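Subject: Structure handover

Hello,

Here is the structure we talked about handing over. My notes on it follow below the files.

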Amino acid sequence: MSENGEPQGMASLVFLEALLSQMAPATQRSYHTQLKRFCALGGCEWPSAAGAAFLARAGIEDCAKFVKDCAARGIAPQSQRYAIILMNQVFLRLVEADLRETNPMKTFKALKFRETEVRRAAALSSKDVTRLLNSPRGSNREAVRDRAVLALLFGCGLRRSEVWNLRLGDIRVSTRGVAYVALRTSKAGRPSAQPMAPWVAERVSAYVKLRWQDGALNTHRLVCRYLQDGTPRDASNRFVNDIVRRHAERCGFKNVTSHSGRVSSITHLLASGHGPRKVMQFSRHASIQAMERYDRYVEQMRDNLALQISFADEEK
């Protein structure tokens with residue numbers, strides 16, 4: 001092998017590119033982001049043979065530098081932990097393919113972040129969902145927008161990224177008069193269409209009309225932020241979550257995020273007696289195993305012995 005490790009680097013590059021190509025597009029992007037950050041710390045680019053060679057020879061010191069860099073970036077603790085998990089998987093696969101002897105990230109895999117034990121997004125009851133949906137009041141632009149965003153999250157079970165990526169032209173009506181959302185990209189990387197219930201369509205349509213009045217075109221993003229003078233501006237992906245958190249705090253709810261809309265809608269459908277495979281058409285999960293996690297949660301709640309406790313008879 002040459003001094004700069006190019007043969008081993010090329011072998012590692014080919015292996016990792018083949019491995020990532022089997023993953024969903026969103027997962028590929030997550031891995032590539034962390035690989036670029038890790039290789040940059042070694043003065044290399046990714047994807048490149050030099051970057052892959054750096055991965056093949058990186059040690060605990062390099063991994064410690066990566067963990068420290070994640071913290072220095074100011075990203076959320078959950079995201080820091082996720083970055084470590086992804087890089088741990090990269091090194092683990094390289095070891096399994098005999099392209100490395102050890103996994104230097106293993107030391108940091110179980111690292112605990114004090115303020116974060118990643119908590120499951122809260123699933124709200126029907127009563128609490130109604131309170132949250134009615135939290136935005138008034139007819140100003142922000143209230144109309146927030147009502148539409150909450151309706152898409154809780155009424156259509158959309159992911160935060162899916163709501164953020166929507167364009168005005170993605171809100172459509174079929175030839176039979178059914179309003180739906182055209183999702184050009186999703187977590188699975190496949191386009192799909194999600195029908196809207198009448199109450200969801202009403203809220204979303206009101207916001208679409210408002211955006212048209214602002215001069216927006218069908219190619220413009222649906223969700224935007226407004227300056228103090230009412231001028232619309234592009235919003236970040238986090239902005240969708242900020243909307244949910246703001247209204248959740250107003251209602252006094254804790255642990256509620258943009259993902260709570262998806263969790264609540266799926267849990268509600270399963271609790272109403274719909275089977276996992278039927279609900280899977282709504283949730284657009286890639287596998288039935290993902291749906292079964294929600295189904296097990298509902299069953300555990302139904303079968304919990306706490307529901308059988310009653311002291312009423314003891315008083316007689």
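In which sense do strand 1 and strand 2 pair, and over how many bridges? The pairing of strand 1 (residues 171–173) with strand 2 is antiparallel, and it runs over three bridges. Please keep in mind that this is a predicted model.

Overall content

The protein has 14 helices and five strands. Of its 316 residues, 43% count as buried. Taking contacts between residues at least 6 apart in sequence, 59% join residues at least 24 apart.

Three of the strands form an open sheet in the order 1-2-3, with antiparallel pairing. Strand 1 and strand 3 stand at the edges and have a single partner strand each, so one side of each lacks a neighbour in the sheet. On average, and with direction ignored, neighbouring strands of this sheet are turned by 40 degrees against each other.

Strand 2 covers residues 179–183, and four of its five residues are buried.

For background, strands of a sheet pair through backbone hydrogen bonds, in either a parallel or an antiparallel arrangement.

Two helix pairs

Two packed helices are described by the angle between their axes and the distance between the axes. I looked at two such pairs.

Helix 4 (residues 60–72) packs against helix 5 (residues 77–96) at an angle of about 155 degrees, and their axes are 10 Å apart. That angle makes helix 4 roughly antiparallel to helix 5, since the cut-off for this class is over 145 degrees. Their crossing is right-handed. On the helix 4 side the contact is made by C63, F66, V67, C70 and A71, and on the helix 5 side by Q80, A83, I84, M87 and F91. By class, the residues in this contact are nine nonpolar, one polar and no charged.

What is the angle between helix 8 and helix 11? Helix 8 (residues 141–155) and helix 11 (residues 238–251) pack at about 100 degrees, with their axes 10 Å apart. The two are therefore roughly perpendicular to each other, as the range for that term is 65 to 115 degrees. Helix 8 contributes R145, D146, V149, L150 and L153 to the contact, while helix 11 contributes F239, V240, I243, V244, R246 and H247. The contact of helix 8 with helix 11 has seven nonpolar, one polar and three charged residues.

H268 lies in helix 12 (residues 259–271). Is H268 buried or partly exposed? With a relative accessible area of 43%, H268 is partly exposed, because that class lies between 20% and 50%. The C-alpha atom of H268 is separated by 7.8 Å from that of S126, although the two residues are 142 residues apart along the chain.

Regards

How values were computed:
Residues numbered from 1 in each chain as written. Predicted model: local features only at pLDDT ≥ 70, side-chain atom pairs only at ≥ 80, totals over all residues. Heavy atoms only, no water. Buried < 20%, exposed > 50% of the residue type's maximum accessible area, 1.4 Å probe, protein only. Pairing = 2+ DSSP bridges. Axes fitted to C-alpha atoms, helices over the stretch in contact; angles between N-to-C directions. Parallel < 35°, antiparallel > 145°, perpendicular 65-115°, else oblique. Left-handed = near helix turned anticlockwise from the far one by under 90°. Contact = heavy atoms within 4.5 Å. Nonpolar A, V, L, I, M, F, W, Y, C, P; charged D, E, K, R; others polar.
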